[in-house]
Amino acid sequence: AFSSLQLINFAGLTMSDDESDASSVVEEEEEEEEITDLSNSDVCTKYQEASKIVNLALTGLISQCIPGAKIIDLCQFGTTVIEVQTAKLYTKKVNGVAVERGVAFPVCISVNDVICNHSPLASEELPSLAAGDVVKIDLGCHIDGYIAVAAHTLVVSSTPDSPPENLSDEIGNVAVAAYNAMLVAADCIKAGAKNEEVTKAVERVATAYGVNPLATVRMHQMKRFVIDGVKEVALKEPTADDLEQGEEKVPECTFEQAEVYAVDVAMSTGDGKVKPGDLRTTVFKRNVEANYRLKMKASRYVLSEVDKKFPTLPFTLRHFEDERQAKMGITECVSHGLLTPYPSLHEKSGSTVAHFKCTVLLLPSGTTKVTGLELPAYFKSDKTPDEETAKVLDAIAEKAAKKAKKKAAKKKKKKASS
């Protein structure tokens with residue numbers, strides 16, 4: 001387990017100089033009519049700062065995914081990094097009210113055939129990580145309700161200094177496919193484009209690598225305190241059979257400048273049809289439109305805590321002080337539609353799943369990807385993308401190289417002048 005001192009030391013010391021500058025940000029005066037999209041530069045800054053914290057937490061978690069690590073400890077580690085870093089920013093009250101900041105989506109660590117949303121309780125710990133495990137990390141952070149999210153896939157190495165060994169072609173194909181699909185999708189999400197164009201781009205990548213997108217995963221627009229907005233993007237078009245079995249077709253929408261999106265991609269070597277497993281659902285979100293007079297005392301305790309601490313964003317039962325009461329009361333809240341569950345989803349045994357997610361801002365200068373880390377170098381594939389996808393990936397790589405060169409020159413100049 002990680003001591004609180006280890007966690008705080010990591011969270012306090014690993015930000016680079018330009019990232020830590022945010023601690024001196026001064027709160028703006030609230031305008032008469034608050035502008036809550038990217039046309040407001042202060043809003044843009046809050047998204048950028050939340051994004052830096054997401055990437056920091058993700059980087060730290062990757063370094064802690066070693067043989068013997070407990071999933072519960074990893075979840076607590078990531079949560080502490082987010083809480084410690086957000087506590088340093090926007091500390092001045094606005095009109096006497098503290099600026100809300102912290103976890104926007106609970107830290108989830110999903111291993112092997114578990115795809116997402118696994119954030120266990122301390123009393124229900126799974127086996128520790130082992131070399132060769134495929135780990136999917138998912139988390140989110142917000143500052144004043146402005147949300148940044150990310151997800152990442154890795155394979156646990158037997159030693160921290162060496163890459164994992166004997167990786168199958170399947171894991172290489174599915175990881176490269178999911179990551180490239182995320183990059184291409186992010187590039188497609190621009191003002192004036194339609195969501196169906198993104199879906200087609202993702203499907204092209206999946207076909208080229210011989211894998212399947214997960215049908216239930218959606219990309220979402222994000223707004224202030226809203227993690228899953230009305231505008232959505234499907235990873236694949238539902239077939240006639242899918243529609244017959246209850247899957248819904250995503251309504252067409254057009255992207256607009258100053259919007260923010262979570263670009264969420266999960267791919268599988270299986271058929272892409274997920275199912276709930278035996279793991280307890282611990283992640284929920286308040287359905288703000290629903291009300292009901294609850295009968296059980298434990299249920300009223302849960303709803304009272306949720307309305308007080310998590311009125312709009314997802315949370316985990318682990319955040320409750322009284323875990324026993326929370327487990328007892330959650331069922332009645334869900335059955336009456338007061339809370340929306342995020343179950344731990346599974347792919348069929350023997351299938352390999354990769355999950356990557358980033359946050360993009362639709363700025364006047366173009367779409368900017370602000371969260372998400374590089375694909376681990378040990379993920380390789382002998383398959384190649386189609387010609388159209390290859391052109392897009394080449395353009396993205398060229399743009400990234402120019403940006404890195406410019407950043408390095410700026411850093412060198414700053415070092416020379418100091």
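Helices (H or I, at least four residues) and strands (E, at least two) are DSSP runs, numbered from the N terminus. You are looking at a predicted model, where local features need pLDDT of at least 70, side-chain atom pairs count only at pLDDT 80 or more, and totals for chains, interfaces and linings use all residues. Residues are numbered from 1 along each chain as its sequence is written, and side-chain values use heavy atoms, with hydrogens and water left out.

Let us start at the surface. Lys 190, Lys 369, Lys 399, Lys 403, Lys 407, Lys 411 and Lys 415 form a positive patch there. Helix 10 (residues 387–417) supplies the largest share of the patch, five residues. Lys 190 sits in the loop between helix 5 (169–188) and helix 6 (195–209). Lys 190 counts as partly exposed because its relative accessibility is 40%, between the limits for buried (under 20%) and exposed (over 50%), with a 1.4 Å probe and protein chains only.

Now step inside, to strand 3 (residues 134–143). Here 10 of the 10 residues are buried, so the strand is largely enclosed by the rest of the structure. Both faces are covered: one side includes Val 134 and His 142, the other Val 135 and Ile 143.

Strand 3 also has partners, where pairing takes at least two DSSP bridges between two strands. Strand 1 (residues 101–111) pairs with strand 3 in the antiparallel sense over eight bridges, and Arg 101 has Ile 143 as its bridge partner. In the hairpin of strand 3 and strand 4, with two residues between the strands, Asp 144 takes a positive phi near 60°.

Methods:
Patches are made of residues with over 30% relative accessible area and no salt bridge: like charges are joined within 9 Å, nonpolar side chains (Val, Leu, Ile, Met, Phe, Trp, Tyr) within 5 Å. Accessible areas come from the Shrake-Rupley method with a 1.4 Å probe; for residues, only the protein chains shown count as cover. A salt bridge is a side-chain nitrogen of Lys or Arg within 4 Å of a carboxyl oxygen of Asp or Glu. Lys and Arg count as positive and Asp and Glu as negative; His and the chain ends are not counted. The place of a charge is taken as NZ of Lys, CZ of Arg, CG of Asp or CD of Glu.
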